Amino acid sequence: MNRLTTLLFAALLAIGLASPAQAAPKKDFRIAWSIYVGWMPWGHAADTGIVKKWADKYGISIDVVQINDYVESINQYTAGAFDGCVMTNMDALTIPAAGGVDSTALIVGDFSNGNDGVVLKGATDLKAIKGRKVNLVELSVSHYLLARALESVGLSERDITVVNTGDADIVAAAAAPDVDAIVTWNPQLAEVKALPGASLVFDSSDIPGEIIDLLVVNSATLAANPALGKALTGAWYETMALMAAQDAAGKAAREAMAKASGTDLAGFESQLATTQMFYEPAEAVAFSRDPALLRTMDYVRTFSFAHGLLGEGAKSADAVGIAFPGGKTLGDAGNVKLRFDDTYMKMAADGAL
């Protein structure tokens, strides 16, 4: 999956978005998703009628659309073509939120717990990265992971040279004799770390909870259409229960998701093993309310500002406000554009959907 964070065209910064109170109620909605282990449940929920079941319950229609290009799906959501889209926490901040589109993390689905990693050839200690050229998808969560890795051993990006490499090309690049430092995510990571002389020296399990996979929806649309939030959340947790079940139905669901993502059950479950899924809504609520989420987003916004991802007009990391459950905020409280809202996940946990 391409999880590259890109800057939007300047025109997107000029998009006018009504406040939540000004959006109009509607009946038909579109949600975009792309291939990744933590987002496969959306395709399965759509294919098996679970999404339709919950949409019918609330008298609405939800079209769940697979987009092959991850970044393009976020850009289309930001431009208004979709009411919601799957994305990481960093991409939610640096694309729609930085582009002026008030967005809500409706469902916190999982976090990477080893799916992203730093690999060195000919060395087993992360400190050996100093002075090397590092191949990765620039300005992506891989870049963020690298920054956190370097920080953990007292280094910075000044100590290495980033070589921007597309995710589709990273495995081939890693195999080249002159490439000896790579940062990527699964399934490419599994191939890269299996190369002769390669060692995994840092991965996302070393910064648990920092690379988060979300379903993000337009805040104005959600405020005007709470039925959308209820239907999506209900469909998600019904699918989570099915996916987690250790019975024939659960296995069949995981096999279907594996096939749809281009692997087999063993391959899919190996990716699940390095993904901390929140199968229970109460787990996602607890994660959303943990003060650690504020620290994570502080790391993310600091990295994003330092790399110019909060927009040309951003004078500090405070430029884009981020809201959290309990009324807590980071950044400009008068310009909140990214909201972690556990309202609907809490309803699911309480059996109130």
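Tutor: Start with Ser73, which sits in helix α4 (residues 70-78). Keep in mind that this is a predicted model.

Student: Why is Ser73 called buried?

Tutor: Buried means under 20% relative accessible area. Ser73 has 0% relative accessibility, so Ser73 counts as buried.

Student: Which residues does Ser73 touch, not counting those up to four places away in sequence?

Tutor: Ala32, Ile67 and Cys85. Touching here means heavy atoms within 4.5 Å.

Student: What about Ala174: buried or exposed?

Tutor: Ala174 lies in helix α7 (residues 170-175). The relative accessible area of Ala174 is 0%, so Ala174 is buried. Beyond four places in sequence, Ala174 is in contact with Lys121, Val179, Ile182, Val192 and Leu195.

Student: What makes Thr161 partly exposed?

Tutor: The label covers values between the 20% and 50% cut-offs. Thr161 has a relative accessible area of 42%, so Thr161 is partly exposed. Thr161 belongs to strand β7 (residues 161-164). Outside four places in sequence, Thr161 contacts Arg132, Lys133 and Val134. The C-alpha atoms of Thr161 and Val134 are separated by 6.0 Å, though the two residues are 27 apart along the chain.

Student: Now the helix pair. How are two packed helices described?

Tutor: By the angle between their axes and the distance between the axes. Helix α2 (residues 40-47) and helix α11 (residues 248-260) pack at about 110°, and their axes are 9 Å apart.

Student: Why is α2 called roughly perpendicular to α11?

Tutor: Angles of 65 to 115 degrees count as roughly perpendicular. The angle here is about 110°, which makes α2 roughly perpendicular to α11. The crossing is right-handed.

Student: Which residues make that contact?

Tutor: Met40, Pro41 and His44 come from α2, and Ala253, Ala256, Met257 and Ala260 from α11. By class, six residues are nonpolar, one is polar and none is charged.

Student: On to charges. How many salt bridges does the structure hold?

Tutor: Twelve. Side chains of opposite charge can pair when their charged atoms come close.

Student: How do you know that Asp56 and Lys52 form a salt bridge?

Tutor: The cut-off is 4 Å from a Lys or Arg side-chain nitrogen to an Asp or Glu carboxyl oxygen. The closest N and O atoms of Asp56 and Lys52 are 2.7 Å apart, and the pair forms a salt bridge. Both residues lie in helix α3 (residues 50-57), four residues apart, about one turn of the helix.

Student: What parts does the Asp102 and Arg339 salt bridge tie together?

Tutor: The N to O distance of Asp102 and Arg339 is 2.6 Å. Asp102 lies in the loop between α5 (89-97) and β4 (103-112), and Arg339 in strand β14 (residues 336-340), so the pair ties together parts that are 237 residues apart in sequence. At 6% relative accessibility, Asp102 counts as buried. Arg339, at 28%, counts as partly exposed.

Student: And Arg148 with Glu210: where do these two lie?

Tutor: Their side chains meet in a salt bridge, 2.7 Å from N to O. Arg148 is in helix α6 (residues 141-152) and Glu210 is in the loop between β9 (198-203) and β10 (212-218), so the bridge ties together parts 62 residues apart in sequence. Both Arg148 and Glu210 are buried. Shared partners join Arg148, Glu151 and Glu210 into one network of salt bridges.

Student: Last, the backbone. What makes Leu139 worth a remark?

Tutor: Most residues other than glycine have a negative phi, and most peptide bonds are trans. Leu139 is not a glycine, yet has a positive phi of about 65°. Leu139 is in the loop between β6 (133-136) and α6. The relative accessible area of Leu139 is 22%, so Leu139 is partly exposed.

Student: Which residues does the cis peptide bond join?

Tutor: Asn186 and Pro187, with omega about 10°. Pro187 is in the loop between β8 (181-185) and α8 (188-193).

Note on methods:
Residues numbered from 1 in each chain as written. Predicted model: local features only at pLDDT ≥ 70, side-chain atom pairs only at ≥ 80, totals over all residues. Heavy atoms only, no water. Axes fitted to C-alpha atoms, helices over the stretch in contact; angles between N-to-C directions. Parallel < 35°, antiparallel > 145°, perpendicular 65-115°, else oblique. Left-handed = near helix turned anticlockwise from the far one by under 90°. Nonpolar A, V, L, I, M, F, W, Y, C, P; charged D, E, K, R; others polar. Buried < 20%, exposed > 50% of the residue type's maximum accessible area, 1.4 Å probe, protein only.
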